[in-house]
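Here is my note on the model you sent over. Please read it with the structure open.

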Amino acid sequence: MTDLRSSEIHDELDGDTLHEECGVFGILGHPDAAALTALGLHALQHRGQEAAGIVTFDGRQFYSERRMGLVGDHYTDPATLAKLPGSMSIGHVRYSTTGETVLRNVQPLFAELQEGGIAIAHNGNFTNGLTLRRQIIADGAICQSTSDTEVVLHLIARSKHVSSSDRFADAIAQVEGGYSMLALTRTKLIAARDPNGIRPLVMGELDGKPIFCSETCALDIIGARFVRDIENGEIVICEVQPDGSITIDARKPQNPLPERLCLFEYVYFARPDSVVGGRNVYVARKNMGKNLAIEAPVEADVVVPVPDGGTPAAIGYAQESGIPFELGIIRNHYVGRTFIEPTQQIRAFGVKLKHSANRAMIAGKRVVLVDDSIVRGTTSVKIVQMMRDAGAREVHVRVASPMIFHPDFYGIDTPDRDKLLANQHADLASMCRFIGADSLEFLSIDGLYRAVGGAPRDPQAPQFTDHYFTGDYPTRLLDQGAASNVRKLSVLASNG
């Protein structure tokens, strides 16, 4: 069968980019908890566009609204927010890397335990999630979703500790991988970050009430104050006391590992106005472009970004090289699934559904095309051809990150290793011929490290998580090589 469904066409158009799994937001003790959570999730929408969910507690019971689609499609409706009363709330935006895209996998997940209800939302992936799932199922557990978050609920339920805080700590001590996680009980908002600090998590404050979220941009949208980053391996427990006051207990590991933030937060995932690990993302991306101009100069007439990810790096490249910066590609931000029909003619439009050449800035010119990363290269082929069709004399592709050789298992949706462009070609010249450019260069790993942290990579103790470039994974990968994949778990088919 040659026709594709609308979602498959969307994947074809969007399949040459990396996707983050999700973003989280939580607030404790504020009368506008649900509305603030919806606003925070709106700011984090770039981290996941497939589904969104909010759970609140009003002192008597929990309330949950989980929907497929964008935050703005549902949570701007006052009637929806009215279904989420209470001063305690956590929320989640999702892009699925583990588990299929159906409503049962939309977070926060909720369970009624012996000590009362608990809701959990997390960003990232467990590298032993499938292993743990098989163990608890063998012991008699019944799993209702294919999300690895559900494993944590089972581990909490099975813990022998008394308090919900200790049960939570006991559960996450058994999981490995990269994650930031929030849990909501009847009196507590609990935040945790993985021992390596792969996924980001920050703490804020609004009207004296604690907030946790994936990025600082979610604090900015509601006028909250940034307090600090949650440290790697740290658990922070905020609890409402009988008198209404809130206590905060921070539990830190006795033998902490060095923090290794995911470099792709700076390259691609985080919003440019966010501060991640104390570093402004926009400045880091401009630095990547500047270093790229130093490492891979070329004579040209104009620097053009591949929007939106390549824009800050292109500005940096232009500033360092002295070549004028122009918006030679205009992005259509409103392309979606609804109007795309499964016809060969529509598929042939390809990347033009998202990007259009600004011919006046391209025709007759030598173009430096700056992108943040190249995954499979299929989009690069189309964009280079678009530049040629617009009259470019030369097209020189510059990539503001190193070649991607290895898949990710910590929450980034990457293709199989053999589908990555860098593994399909023997050398850079072959890759260049494939995408149809006059030249192709990538930023070096040391150039990327200098752009973000100011120093070259220390091979004995890497300052960041960079396995997609280097193959240096910061944790064990217990689930890899298993006989079956978590995406193929046997569960009831669902249309919603």
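The points below go from the whole chain to its sheets, helices and cores.

1. **Confidence.** This is a predicted model. Mean pLDDT for the protein chain is 89, and 88% of the residues reach 70 or more. Two stretches need care. Residues 1–14 stay under 50, and the model gives them 23 contacts beyond four places in sequence. Residues 337–342 are also below 50, with 16 contacts beyond near neighbours in sequence. Where pLDDT is low, the predicted coordinates should not be read in detail.

2. **The chain overall.** The secondary structure comes to 18 helices and 23 strands. The protein chain has 496 residues, and 55% of them are buried. Among contacts with a separation of 6 or more, 68% link residues 24 or more positions apart. The chain exposes about 20,200 Å², with 51% of that area supplied by carbon and sulfur atoms.

3. **The seven-stranded sheet.** This sheet is open, and its 7 strands run in the order β4-β3-β5-β2-β11-β10-β12. Pairing is antiparallel. The edges are β4 (62–68) and β12 (225–229), each of which pairs on one side only. Neighbouring strands are turned by 15 degrees against each other on average, direction ignored. Within the sheet, β2 (22–28) and β11 (209–213) pair over 3 bridges. There I27 stands opposite I211.

4. **Helix α2 on that sheet.** Helix α2 (33–43) packs on the sheet. It touches β2, β3 (51–57), β5 (88–94) and β10 (202–206). The direction of α2 makes about 25 degrees with that of β5.

5. **The six-stranded sheet.** A further open sheet has 6 strands in the order β6-β7-β8-β9-β13-β14, again with antiparallel pairing. β6 and β14 (246–251) each have a single partner strand, so one side of each lacks a neighbour in the sheet. At one end of the order, 6 bridges join β13 (235–240) to β14. V236 stands opposite A250 in β14.

6. **Helix α7.** Helix α7 lies across β8, β9 (188–193), β13 and β14. It runs at about 20 degrees to β9.

7. **Helix α6.** How much of α6 is buried? Of its 10 residues (149–158), 8 are buried, so the helix is largely enclosed by the rest of the structure. The buried set is T149, E150, V151, V152, L153, H154, L155 and I156. The cover over these residues includes the strands β6 (109–113), β7 (116–126) and β8 (177–184). The helices α5 (129–138) and α7 (164–172) also contribute to it.

8. V162 lies in the loop between α6 and α7. Is V162 buried or exposed? V162 is exposed, with a relative accessible area of 71%. Leaving aside residues up to four places away in sequence, V162 touches E115 and R167. V162 and E115 are 47 residues apart in sequence, and their C-alpha atoms are 8.5 Å apart.

9. **Strand β17.** Which faces of β17 (302–305) are covered? Both are: V302 and V304 are buried on one side, V303 and P305 on the other. β17 pairs with β20 (366–371) in the parallel sense, over 4 bridges. V304 stands opposite L369 in β20.

10. **The largest nonpolar core.** This core has 40 residues. L263, F264, Y266 and M288 touch the most other members. At least two residues each come from α9 (264–269), α10 (281–295), α11 (311–321), β20, α17 (445–453) and α18 (467–470). The largest share, 5 residues, comes from α10.

11. **Y266 in detail.** Beyond residues up to four places away in sequence, Y266 touches L261, V276, G277, R279, V281, A284, R285, M288, V452 and F464.

12. **A second core.** A separate core holds 27 residues, including L132, A171, A183 and I190. In soluble globular proteins, nonpolar side chains tend to be buried together.

Conventions:
Residues numbered from 1 in each chain as written. Predicted model: local features only at pLDDT ≥ 70, side-chain atom pairs only at ≥ 80, totals over all residues. Heavy atoms only, no water. Buried < 20%, exposed > 50% of the residue type's maximum accessible area, 1.4 Å probe, protein only. Contact = heavy atoms within 4.5 Å. Areas by Shrake-Rupley, 256 points an atom, 1.4 Å probe, with all protein chains shown as cover. pLDDT = per-residue confidence, 0-100. Pairing = 2+ DSSP bridges. Core = buried A, V, L, I, M, F, W, Y, C linked by side-chain atoms within 4.5 Å. Axes fitted to C-alpha atoms, helices over the stretch in contact; angles between N-to-C directions.
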